[in-house]
Amino acid sequence: MAHGRTPGARRPAGGRDRDAAARDRAGRAAVPPRRRPPRPVTPAGAPLLRLGRPRPRLRLVSFALTLVMLTFVIRLFQVQAVDAATYAAKAEVNRNVKVTLAAERGTITDRNGVDLATTVDAYDITADPMLFTPKYAKAEDAPARAAELLAPIVDGDEKKIAKQLANYPGSRNEIIARQQSPQVWNQIKDLQSALADRADKGDGVNYLAGVFRLRHAKRVYPASDLAAGVVGWVNASGAGGGGLESRLDKALAGKDGTVTYAQSGGRRVPTASMQERAAEPGTDVELTLDRDIQWAAQRAITQQVRASDADRGYVIVQDTRTGQVLAMANAPGFDPNDLTRADPTALGNASLQDAYEPGSVSKLMSMAAVLDEGVATPDTHVTVPGTLPRADRVFHDDVDHGTWYLTLNGVLAKSSNIGTILAAEQLGKNQKQANRVLYSYLRKFGIGRPTGVGFPGETPGILARPDQWNASQQYTIPFGQGLSLNALQATSVYSTIANGGVRVEPSLVRGTTGPDGRFVPSREPARTRVVSTKTARTLSTMLESVVGDEQGTGTKARIAGYRVAGKTGTANRVDPETGTYSGYTASFMGFAPADDPRLTVSCVIQNPTRGSYFGGQICGPVFKRVMEFALKSLQVAPSGAKTPNLPVEWDPSKP
């Protein structure tokens with residue numbers, strides 16, 4: 001029977017019926033009762049500690065962070081907008097500096113490795129004018145006081161230095177003195193240290209705190225003026241300014257490097273990082289010159305130019321087999337170590353840059369054409385009158401004479417203009433054809449074109465085409481007037497005959513040595529057959545008559561123990577200022593030993609005004625001194641055979 005509550009019956013105390021109470025008891029039996037954590041025990045009378053609510057604390061932290069961020073924003077706005085210019089100026093004092101590391105310039109040596117141009121340590125003394133302002137120097141007169149200290153050390157102008165140091169804001173880098181020795185910088189550095197010590201003790205100002213150094217190697221020429229015309233010089237910025245220094249500047253200069261470092265207050269920060277790209281040194285250049293032979297040539301020509309009171313002179317020594325130039329001397333010369341004292345007219349290399357009419361030394365080319373074309377032999381009889389009318393003028397020889405009865409060999413030995421004209425006329429059926437034949441030989445000998453050495457400012461000379469020769473030129477060109485050349489071109493003509501009729505392109509550079517230490521020889525010179533070997537040997541014998549025969553004009557060029565072949569020259573000189581003939585060009589050129597040629601030597605003197613002006617008289621002795629020295633220096637053996645005697649004259653009374 002189901003039990004139920006009687007309607008209207010009262011609930012038990014506690015508001016629950018028995019069934020609900022039973023269910024509660026059953027639930028409590030299944031789940032363990034919760035235990036309250038033990039209450040903290042506090043000393044008697046102490047208040048109980050209770051945790052506060054977290055929200056107020058979070059609001060306080062957020063407010064504090066907002067204030068900090070707002071402070072950063074205001075400061076950033078001040079730095080980037082309000083005070084930007086001020087902080088930019090301060091950054092100039094503490095910034096990274098990029099400095100060029102100058103590459104060491106290559107050395108120029110002679111063929112034996114003797115230095116002719118080299119580089120030594122030196123420094124440019126620089127300054128930052130900003131560091132001499134009152135704000136940084138802490139002194140009103142810092143530029144003047146610093147200039148007073150620097151001028152005696154760098155041998156400079158005190159007022160100029162003071163002006164440079166005061167040049168702010170115009171400049172942040174002033175070069176006070178260029179290419180100073182390490183000793184000069186050490187003096188400045190010692191003075192800087194002494195002033196800094198006093199400043200640290202509060203006993204003065206370091207007026208030189210803004211002075212620095214920049215490595216800038218100095219070019220020096222140990223041999224002074226020796227071969228200066230060939231080697232050249234460098235300008236104030238360290239670039240080639242003349243000669244081979246200019247022509248080979250790119251190879252000699254190398255490649256500059258850079259270094260970037262931090263500075264503070266004008267001083268390098270030693271603990272800061274540094275970035276460096278090393279400089280690549282320049283290439284070393286070895287010339288064909290021989291220092292000792294160059295010295296002998298330069299000494300001889302300098303003495304003779306002074307003795308003759310001449311405008312200038314030059315001597316060239318060439319190896320007949322290789323074309324290499326062993327000496328190229330000019331007088332007057334100059335010292336590339338001090339160009340401020342050099343005569344501007346003496347700068348350069350007159351041996352290659354002067355164009356002059358060669359005169360009788362050019363007759364060798366006319367004789368070469370006559371012999372090679374087979375129109376005459378050394379024994380051919382030539383009747384030489386005292387005068388010869390041709391075209392619009394009458395031609396003479398250097399000395400007045402009656403009729404000469406000369407062989408072709410005698411025409412060359414006595415250097416007869418008239419005889420040369422008569423011989424050259426045989427080159428063609430008519431004068432125009434003869435002119436064309438002669439012109440072709442002149443061109444093959446290298447006249448009217450560069451020699452091949454590639455020297456800056458070299459003149460190719462002047463040789464008009466034969467159809468442009470005027471009435472006078474077609475008779476003067478055979479004996480060396482009416483055309484022009486440089487001294488190396490003329491020397492090469494004689495080396496061609498000495499080398500059996502083959503022209504070897506002249507050279508001044510023997511080879512180069514790069515940064516890797518590897519020597520690279522220069523390219524092989526071009527070789528051109530000009531005349532036959534037979535013609536060259538015949539001409540060599542004829543040239544010996546000029547020196548060996550008593551009637552020859554070159555007797556002063558004789559060298560004991562050696563057979564010498566050579567030719568004198570005395571030409572009317574064209575004044576470069578007026579363009580008219582004025583004075584003379586004296587010359588002598590030849591080679592030795594004539595039986596086995598090794599060396600060619602040429603001597604040219606422009607406008608001798610004291611004593612003789614004949615080439616045989618003033619250039620013959622120079623040739624002898626230089627050739628004799630060079631032969632002994634190279635240990636060339638004396639001639640092993642006697643000079644053959646070719647006839648100079650013929651007797652018209654004999655058939």
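Which residue forms a salt bridge with arginine 312? Select arginine 312 and aspartate 354 in this predicted model: the two form a salt bridge, and their closest N and O atoms are 3.4 Å apart. Arginine 312 belongs to strand E14 (residues 312–319), while aspartate 354 sits in the loop between helix H12 (350–353) and helix H13 (363–372), so the pair ties together parts that are 42 residues apart in sequence. The arginine is partly exposed, with a relative accessible area of 25%. Aspartate 354 is buried, at 17%.

**Further salt bridges**

The whole structure contains 18 salt bridges. Go next to arginine 321 and aspartate 596, whose side chains meet in a salt bridge of 3.2 Å, N to O. This pair links distant parts of the chain, 275 residues apart: arginine 321 is in the loop between E14 and strand E15 (325–331), and aspartate 596 is in the loop between E25 and E26. Both ends count as partly exposed, with relative accessibility of 37% for arginine 321 and 43% for aspartate 596.

Then select lysine 632 and glutamate 628, where the side chains form a salt bridge at 3.9 Å, N to O. These two residues are four apart in helix H21, which means a separation of about one helical turn. Lysine 632 is exposed at 55% relative accessibility, whereas glutamate 628 is partly exposed at 24%.

To see a network of salt bridges, show Arg105, Arg219, Glu245 and Asp249 together.

**Aromatic pairs**

Stay on helix H21 for the next stop. Ten aromatic pairs are found in the whole structure. One of them joins tryptophan 295 and phenylalanine 629; the pair is tilted, with 6.2 Å from centre to centre and 55 degrees between the planes. Tryptophan 295 is in helix H11 (residues 291–308) and phenylalanine 629 in helix H21 (residues 620–633), so distant parts of the chain, 334 residues apart, are linked here. Tryptophan 295 counts as partly exposed at 45% relative accessibility, and phenylalanine 629 counts as partly exposed at 31%.

Move to tyrosine 584 and tyrosine 613. Their rings form a stacked pair, 3.9 Å centre to centre with 5 degrees between the planes. Tyrosine 584 lies in strand E25 (residues 581–592), and tyrosine 613 in the loop between strand E26 (599–606) and helix H20 (615–618); the pair therefore ties together parts that are 29 residues apart in sequence. Tyrosine 584 is partly exposed at 28% relative accessible area, and tyrosine 613 is partly exposed at 28% relative accessibility.

Selecting Phe395, Tyr475 and Phe479 shows a cluster linked by ring pairs.

Two lysines are placed over rings. Lysine 414 lies over the face of tryptophan 404, 4.6 Å from the ring centre. Lysine 444 lies over the face of tyrosine 441, 4.3 Å from the ring centre.

**A loop glutamine**

Where does glutamine 426 lie? Look in the loop between helix H15 (417–424) and helix H16 (431–444). Glutamine 426 is partly exposed, at 48% relative accessibility. A polar atom of the glutamine 426 side chain is 3.3 Å from the backbone oxygen of leucine 422.

**Two cysteines**

Select cysteine 603 and cysteine 619. The structure holds zero disulfides. Cysteine 603 is buried at 0% relative accessibility, and cysteine 619 is buried at 0%.

**An open sheet**

Finish with an open sheet of six strands, in the order E7-E3-E2-E13-E21-E22 and with mixed pairing. The edges are strand E7 (218–220) and strand E22 (519–521); each has a single partner strand, so one side of each is left without a neighbour in the sheet. Within the sheet, strand E13 (residues 284–287) and strand E21 (residues 509–513) pair in the antiparallel sense over four bridges. Pick aspartate 284 to locate a bridge: its partner in E21 is threonine 513.

Conventions:
Residues numbered from 1 in each chain as written. Predicted model: local features only at pLDDT ≥ 70, side-chain atom pairs only at ≥ 80, totals over all residues. Heavy atoms only, no water. Phe/Tyr/Trp six-rings, centres within 6.5 Å; stacked < 30°, edge-to-face > 60°. Buried < 20%, exposed > 50% of the residue type's maximum accessible area, 1.4 Å probe, protein only. Lys NZ or Arg CZ within 6 Å of the ring centre and 35° of its normal. Polar contact = N/O pair within 3.5 Å; in protein donor to acceptor, adjacent residues only side chain to side chain. Disulfide = S-S within 2.5 Å. Pairing = 2+ DSSP bridges. Salt bridge = Lys/Arg side-chain N within 4 Å of Asp/Glu carboxyl O.
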